[in-house]
Amino acid sequence: MQHSNSYIFRYSAIMVIIVAAMLAATAELLKPKQLDNIRIEKMQFILSSAGIRVEKKDVIPTYNKFITKELGVDLSGNIVSIFQNGKQEQGTIRPFEISLKEELDKISKGAGDVVLPLYICNNDGKTIFIVPVYGKGLWGPLWGNMAFADDMNTVVGATFDHKAETPGLGSEIATTVFQAQFANKQIFDPSGEFVSVSVVKGGVKNSSTPEAHGVDAISGGTITSNAVSKMLHDCLINYVPYFKKDQ
Amino acid sequence: MTTESKKKEPLFSAKNKKLFSLPLFGNNPITVQVLGICSALAITVKLENAVVMAISVTAVIAVGNLIISLLRNTIPSRIRIIVQLVVIAALVIMVDQVLKAFVYDVSKQLSVFVGLIITNCIIMGRFEAFAMANKPWPSLLDGIGNGLGYGIILVIIAFFRELLGFGTIWGYKIIPESFYDFGYKDNGFMILPPMALITVGVIIWIQRSKNKDLIEKN
């Protein structure tokens, strides 16, 4: 059957409106559930940097048990936000909800009102400070968490993930083999100067980097390795004033 | 409208049953029509992924077939492909949203392949070849049949790939530890796409040796 042009126009217009309304409704309806999944994944990721591995279904109770405090710190090391025992004790925004990417953008633009998230974990009486990191990889963003012992210098654990690093090469940063290297590294040198931890091409042993501040890079993943070094340096340096104050 | 019969026929008449069962084996979309191969290679590493994918495709194709069939007399023939694509795309986006909400881990592993259901030629093929010319009920059956026909093959491939590649089924260890002590090793090659293709080939071979009608004459 041949339809007129105006019929075709009306038909497509109505079809598009109905489909758009249906899709919008589905997206809105399922959004809370999807956001929950993303939050649970973030919690699981934070916990795993402190060495606490947990199944998806147990994440929320475990998180509430181990992460005793969430802090928001500004660039001069002052605490501007505290979230503790399930309620906001200081400041307005819960540190967990802060988008590190946006805060880092603010820093690069020189804006003043930066609040950086920091998680305090209590594992068997040991206090662990967990700092999220975010940066650019070869093909897409990299992110992760660094966990420090209570001297705020020694690394306890690290987790990294990525959006789209090269499989088998750069993507190896997400493996436990790579991440395990970070344990017991230090971000301050003996004189108290911030040096971060670098990922060293060719291996730490063959380089001038002191053993305490370097880990071995991934063969064939040089750009991603360098990106991890840069991410760690650029993110951790913002926390140095806070670390210095509390050390 | 040649297939429409004048008098009312029972819901599960022999013809309707055939619509449902034929694509499962005799006219399977993967092994006989050789459609939808790319997704069959990509997401059959683990049984769970294959089952989720099979359910997703079945849902899209069954509901899509029903919608297209209900609309078949109103769809202007000059834009029918566009209408079909809009229906597929809308359904796939919904499936994707549902997966993200309820089986987040699986949806992360399936990643782009859920979106790529849109380009799965089986679905377009059924809309164009069947739903555009048949009543809603037979279309629904045809959709479910084709979706499951696709799903069965996916599940069979995934079963062997996961068993031989990881030694597990649905994430549970099946091959006993003592095998490994004797030097048995999981075959990493099973996890790679070429072995999926070979597994499909073996299934086609077995099917054709059982059913001689499927063998081409030339």
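**Briefing: chains A and B of a predicted model**

Chain B contains ten helices and two strands; helices (H or I, at least four residues) and strands (E, at least two) are DSSP runs, numbered from the N terminus. This is a predicted model, in which local features need pLDDT of at least 70, side-chain atom pairs count only at pLDDT 80 or more, and totals for chains, interfaces and linings use all residues. Residues are numbered from 1 along each chain as its sequence is written, while chains are lettered from A and ligands numbered from 1 in the order in which they are written.

**Chain B as a whole**

- Read from the N terminus, the elements of chain B follow the order α-α-α-α-α-α-α-α-β-β-α-α.
- Along the principal axes, the C-alpha atoms of chain B fill a box of roughly 65 × 45 × 35 Å.
- Of the 218 residues in chain B, 37% are buried (a residue is buried if 20 or more other C-beta atoms, placed from the backbone, lie within 10 Å of its own).
- Among the contacts in chain B with a separation of 6 or more, 77% join residues 24 or more positions apart; two residues are in contact if their C-beta atoms, placed from the backbone, lie within 7 Å.

**Helices α8 and α10 of chain B**

- Helix α8 (residues 136-166) of chain B packs against helix α10 (residues 193-210) of chain B at an angle of about 120 degrees, with the axes 10 Å apart.
- This angle makes α8(B) oblique to α10(B) (angles under 35 degrees count as roughly parallel, over 145 as roughly antiparallel, 65 to 115 as roughly perpendicular and the rest as oblique).
- From α8(B), the residues I153(B), I156(B), I157(B), F160(B) and R161(B) meet M195(B), A196(B), T199(B), V200(B) and I203(B) of α10(B).
- The residues of this contact between α8(B) and α10(B) comprise eight nonpolar, one polar and one charged; Ala, Val, Leu, Ile, Met, Phe, Trp, Tyr, Cys and Pro count as nonpolar, Asp, Glu, Lys and Arg as charged, and the others, Gly among them, as polar.

**Where chain B touches chain A**

- In chain B, 14 residues are in contact with 16 residues of chain A.
- Helix α4 (residues 80-102) of chain B gives the most to the side of chain B that touches chain A, with nine residues.
- That side of chain B has ten nonpolar, two polar and two charged residues.

**Chain A as a whole**

- Chain A has six helices and nine strands.
- The C-alpha atoms of chain A fill a box of roughly 85 × 45 × 40 Å, taken along the principal axes.
- Buried residues make up 31% of the 247 residues in chain A.

How values were computed
Buried ≥ 20, exposed ≤ 12 C-beta atoms within 10 Å, placed from the backbone. Axes fitted to C-alpha atoms, helices over the stretch in contact; angles between N-to-C directions.
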